[in-house]
Amino acid sequence: MPIQVAPSILAADFGRLAEEVQAAEQAGADWIHVDVMDGRFVQEITMGPVVARAVRRATRLPMAVHLMTVEPERHLAAFARAGATSVFVHAEACQHLYLTLGQIAALGMRPSVALNPATPPAQVEYVLPLVGAVLVMTVEPGEGGQAFIPEMLRKIRALADLRASLGLAFEVEVDGGITPTTAPAAVEAGATVLVAGTAVFGAADGVAAAIARLRAAAGGPAARRTGRGDASSG
Ligand code: DX5
Ligand code: ZN
């Protein structure tokens, strides 16, 4: 599977949000990742459907909404109206995960599930046929700029193995502490989508250079074309 890059706008300059999103699109990003935090599932409060709609208007890229909220089912229709392509709900936040994933699909969005670091893959095994993607949190959710948790590599591998043994095709995404240094091991373990906030929007040399570095590190098409693939290049 080709590696996809999903910049998280959590690390963007919100005063220039549309420009930041457009820079990511021009740099060849595959998704825009929108981190919704409610002050309850996690401490922080970030953004809701109003900001998601502004992102929708700024880009043609598919928009993934990562709901770090309690009772995520209460917000699905609002994010569908805001133009979300895909919605991640946390397995830990869903009383009836199977039902909620079905509701996301019924609203015309791609049903996807996110796992906190302590949550085992077995918790979602029986809903895997319903999902387009599983998001492995490689940090504790709640803030950007944290360090990648290496133990999560084993979880990525377990999900990639389940994907193969069940004959499914869901993406395995990684989110948290993804940089040109940590991305290669995640991809090697089976990750197919890299979510990155700080490494993209925090880069001193700009979004385009940052995305190129991530792709090169992940060994994607850009790396093969240019011959760059040095994980330490960023
Ligand atoms: C964390 C969010 C992430 C965050 C990643 O709770 O889910 O998407 O933006 O930020 P970095 O890439 O800085 O770790
Ligand atoms: Zn996220």
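Are H33 and D175 buried or exposed? Both residues are buried, where buried stands for under 20% relative accessible area, exposed for over 50% and partly exposed for what lies in between (1.4 Å probe, protein chains only). The structure is a predicted model, in which local features need pLDDT of at least 70 and side-chain atom pairs count only at pLDDT 80 or more, while totals for chains, interfaces and linings use all residues. Residues are numbered from 1 along each chain as its sequence is written, chains are lettered from A and ligands numbered from 1 in the order in which they are written, and side-chain values use heavy atoms, with hydrogens and water left out.

H33 belongs to strand 2 (residues 32-37) and D175 to strand 7 (residues 171-175), so the pair ties together parts that are 142 residues apart in sequence. Helices (H or I, at least four residues) and strands (E, at least two) are DSSP runs numbered from the N terminus.

Turning to the fold as a whole, the chain has 9 helices and 8 strands. Of its 234 residues, 53% count as buried. The C-alpha atoms fill a box of roughly 45 × 45 × 30 Å along the principal axes. Among contacts (heavy atoms within 4.5 Å) between residues at least 6 apart in sequence, 63% join residues at least 24 apart.

The interior can be described through its nonpolar cores, each a set of buried Ala, Val, Leu, Ile, Met, Phe, Trp, Tyr and Cys residues joined through side-chain atoms within 4.5 Å. The largest has 63 residues, and those with the most contacts inside it are I9, V65, V87, V89, L97 and I156. Helix 5 (residues 152-165) gives the most to this core, with 5 residues. A second, separate core of 11 residues includes A64, F88, V193 and V195.

A last stop is T59, in the loop between helix 2 (49-58) and strand 3 (63-68). T59 is buried, with a relative accessible area of 7%. Leaving aside residues up to four places away in sequence, T59 touches V21, E25 and I32.
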